[in-house]
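This report examines selected features of one protein model. Please look over the sequence and the structure before reading on.

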Amino acid sequence: AAYISDGNVVVNEQKTSKKEPIEVYAEVTPNPAVMKFGVNKALTQTDVEFKNIDEANASSPLAQAIFNFPFVKEVFISDNYISVTKYDMVEWKEVFTEVRTFIREYLVEGKTIIKEIPIQKEDSEIETTAPVMALEGIPAQIVDILDEYIKPAVASDGGNIAFKSYDEEHKVVRVVLQGACSGCPSSTATLKNGIETLLKEMLPNQINEVIAING
């Protein structure tokens with residue numbers, strides 16, 4: 001809310017805040033079921049994906065709150081954006097404004113985004129990225145390539161690709177598709193034409209195939 005005082009615009013909600021105003025913008029993604037909600041503040045240091053409200057209950061009050069919209073199927077929270085996957089019961093053009101407003105108000109109120117929880121969970125749906133410090137050799141090189149060349153591109157579309165494993169014997173890389181990448185009609189092409197081709201070029205004779213565990 002704003003009002004005019006002596007010719008100057010004064011924003012009420014920012015009078016007690018020393019930080020810049022929180023802004024949330026909506027962007028379409030290559031996946032028609034997913035809308036990306038970008039935010040001008042850091043949300044998390046670790047990408048987290050929730051397939052249902054039960055997963056969100058354990059660690060993310062924000063994701064849990066978003067699941068209260070009946071059309072929400074999945075929630076992915078990254079550094080500065082939230083990707084929301086919807087069911088086919090509605091079109092995004094009908095509901096994205098409501099979701100954007102809800103997220104902004106939630107953040108303005110300073111509510112908890114993600115709880116502090118122990119991260120040591122093997123085979124967790126949430127913790128899909130292998131600890132970078134434990135990697136060496138080809139797996140470490142794969143992670144570096146994904147981080148530098150692939151992640152920035154897919155993040156701009158509201159998605160993420162996380163390294164899962166490398167089979168040295170068969171030279172097969174397994175990755176996890178998250179956010180807008182999961183279930184996206186173009187994700188297979190992205191996987192084969194983009195990631196697989198790039199890894200084969202940058203790691204000659206080390207990569208035969210890249211496989212997505214989900215998506």
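## The kinked helix α4

Helix α4 has a kink of about 40 degrees, centred on Asp147. This description, like those that follow, concerns a predicted model. The helix comprises 19 residues, 137-155, and at 1.5 Å a residue it should span 27 Å; its end C-alpha atoms lie 26 Å apart, which agrees. Among the buried residues of α4 are Ile138, Pro139, Ile142, Ile145, Leu146 and Val154.

Asp147 also takes part in a salt bridge with Lys151, the side chains meeting at 3.4 Å, N to O. The two residues are four apart in helix α4, and therefore about one helical turn separates them. In general, an α-helix has 3.6 residues a turn, so residues three or four places apart point the same way. Asp147 is partly exposed, with a relative accessible area of 35%, whereas Lys151 counts as buried at 19%, because the cut-off for buried is under 20%.

## Strand β6 and its neighbours

How many of the six residues of strand β6 are buried? Five are, so the strand, residues 72-77, is largely enclosed by the rest of the structure. Strand β5 (residues 48-50) is joined to β6 by three bridges, and the two run antiparallel. Within β6, Phe76 stands opposite Glu49.

Strand β7 (residues 81-86) also runs antiparallel to β6, and five bridges join the two. Three residues lie between β6 and β7, which form a hairpin.

## Salt bridges

The structure holds six salt bridges. Side chains of opposite charge can pair when their charged atoms come close. Lys51 lies in the loop between β5 and α1, and Glu74 in strand β6, so the pair ties together parts that are 23 residues apart in sequence. Lys51 is partly exposed at 24% relative accessible area, while Glu74 counts as buried at 13%.

Another salt bridge joins the side chains of Glu27 and Lys36, at 4.0 Å, N to O. Glu27 is partly exposed, with a relative accessible area of 28%; Lys36, at 7% relative accessibility, counts as buried.

## The surroundings of Tyr25

Tyr25 belongs to strand β3, residues 24-28. At 38% relative accessibility, Tyr25 counts as partly exposed. Leaving aside residues up to four places away in sequence, Tyr25 touches Lys36, Phe37, Gly38, Val39 and Arg100. The C-alpha atoms of Tyr25 and Asn40 are separated by 9.0 Å, although the two residues are 15 apart along the chain.

Methods: Residues are numbered from 1 along each chain as its sequence is written. This is a predicted model: local features need pLDDT of at least 70, side-chain atom pairs count only at pLDDT 80 or more; totals for chains, interfaces and linings use all residues. Side-chain values use heavy atoms; hydrogens and water are left out. The expected span of a helix is 1.5 Å times one less than its number of residues. The bend at a residue is the angle between axes fitted to the seven residues ending there and the seven starting there. Buried means under 20% relative accessible area, exposed over 50%, partly exposed in between (1.4 Å probe, protein chains only). Contact means heavy atoms within 4.5 Å. Two strands pair if DSSP finds at least two bridges between them.
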